[in-house]
Amino acid sequence: VEFNRLLLDEIVLPDSHPEVVVYGVVPIDPLRERSRADTAELAHELPAFELHGGGLAPLRLLLDEHLALLRYRQVLRDWLAGDLEEDPWSERVRRTDRFGDIELLETNLAVRLNNWDRRYAKKFEDFERLMRESPLFDHLAGLARFCRDRSIRLVIVNAPVHPLFLELLPRGQLSYDRFVRRLRQVAVDNGVPYFDPAGGQPGEPEL
């Protein structure tokens with residue numbers, strides 16, 4: 001959340017002013033949210049932030065935009081000369097419809113938790129402490145104030161998870177309910193519209 005607030009403040013707002021920001025949150029976000037100081041340090045090491053900073057940054061951004069053809073000249077030359085093998089992604093791009101969508105490669109994949117997913121179970125063991133101490137919820141409140149001060153309407157969305165996700169939480173549905181209540185309360189406390197398309201439950205598996 002704090003990273004995206006910085007993104008909005010330093011990169012988006014200088015160029016455009018959105019009327020609405022729709023922000024989706026999932027239950028792993030409390031694990032990933034860093035402190036404001038750590039987030040700022042991380043963000044300002046990234047080229048996107050560096051190019052939008054003060055000093056010589058605007059000049060570097062201008063040069064970067066105009067050097068794209070030079071940077072990729074060899075790739076373009078190889079493509080035009082027919083020396084580049086056909087890229088399967090190129091073929092998929094050609095099949096996009098006017099909305100940018102393509103047909104699904106597979107529609108009946110079995111959904112199961114893999115070893116990477118199950119690593120979250122360990123991180124969720126002290127779930128109550130995580131709900132109390134994660135900076136996520138304070139940062140959501142900060143994002144709400146930030147948007148309100150700039151006449152931007154923030155909407156918080158509880159993005160549905162697959163029912164199998166409950167297996168990663170120490171108390172299953174009870175832990176998920178705790179997260180939903182905490183998220184909803186942040187929205188209420190800050191006067192922010194709250195949207196939960198699954199009504200506080202995991203999403204439907206077929207979706």
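Glu2, Arg5, Leu8 and Asp9 of helix H1 are in contact with His139, Leu143, Phe146 and Cys147 of helix H11, where contact means heavy atoms within 4.5 Å. These residues comprise 4 nonpolar, 1 polar and 3 charged; Ala, Val, Leu, Ile, Met, Phe, Trp, Tyr, Cys and Pro count as nonpolar, Asp, Glu, Lys and Arg as charged, and the others, Gly among them, as polar. The model is predicted, so that local features need pLDDT of at least 70 and side-chain atom pairs count only at pLDDT 80 or more, whereas totals for chains, interfaces and linings use all residues. Residues are numbered from 1 along each chain as its sequence is written, and side-chain values use heavy atoms, with hydrogens and water left out.

H1 spans residues 2-12 and H11 spans residues 136-149; helices (H or I, at least four residues) and strands (E, at least two) are DSSP runs, numbered from the N terminus. The two helices pack at an angle of about 20°, with their axes 9 Å apart. Axes are lines fitted to C-alpha atoms, for helices over the stretch in contact, and angles run from 0 to 180 degrees between N-to-C directions. H1 and H11 are therefore roughly parallel to each other, a term for angles under 35 degrees, with those over 145 being roughly antiparallel, 65 to 115 roughly perpendicular and the rest oblique. H1 passes H11 in a left-handed crossing, meaning that the near helix is turned anticlockwise from the far one by less than a right angle, and a right-handed one has it turned clockwise.

H1 also packs against H3, at an angle of about 50° and with axes 9 Å apart. H1 is thus oblique to H3, and the crossing is right-handed. Glu2, Phe3 and Leu6 of H1 meet Arg36, Thr39, Ala40 and Ala43 of H3.

H11 in turn packs against helix H12 (residues 173-189) at an angle of about 25°, with the axes 10 Å apart. This makes H11 roughly parallel to H12. Here Phe137, Leu140 and Ala141 of H11 touch Phe179, Arg182, Leu183 and Val186 of H12, a contact of 6 nonpolar, no polar and 1 charged residues.

The largest pocket holds about 240 Å³ of space. On a 1 Å grid over the protein atoms alone, a pocket is an open set of points where a 1.4 Å probe fits, with protein on both sides within 12 Å along at least five of seven lines, and lining residues have an atom within 4 Å of a point. Grid points are joined across faces, edges and corners, and a volume is the space filled by probe spheres set on the points. Among the lining residues are Glu2, Phe3, Thr39 and Leu136.
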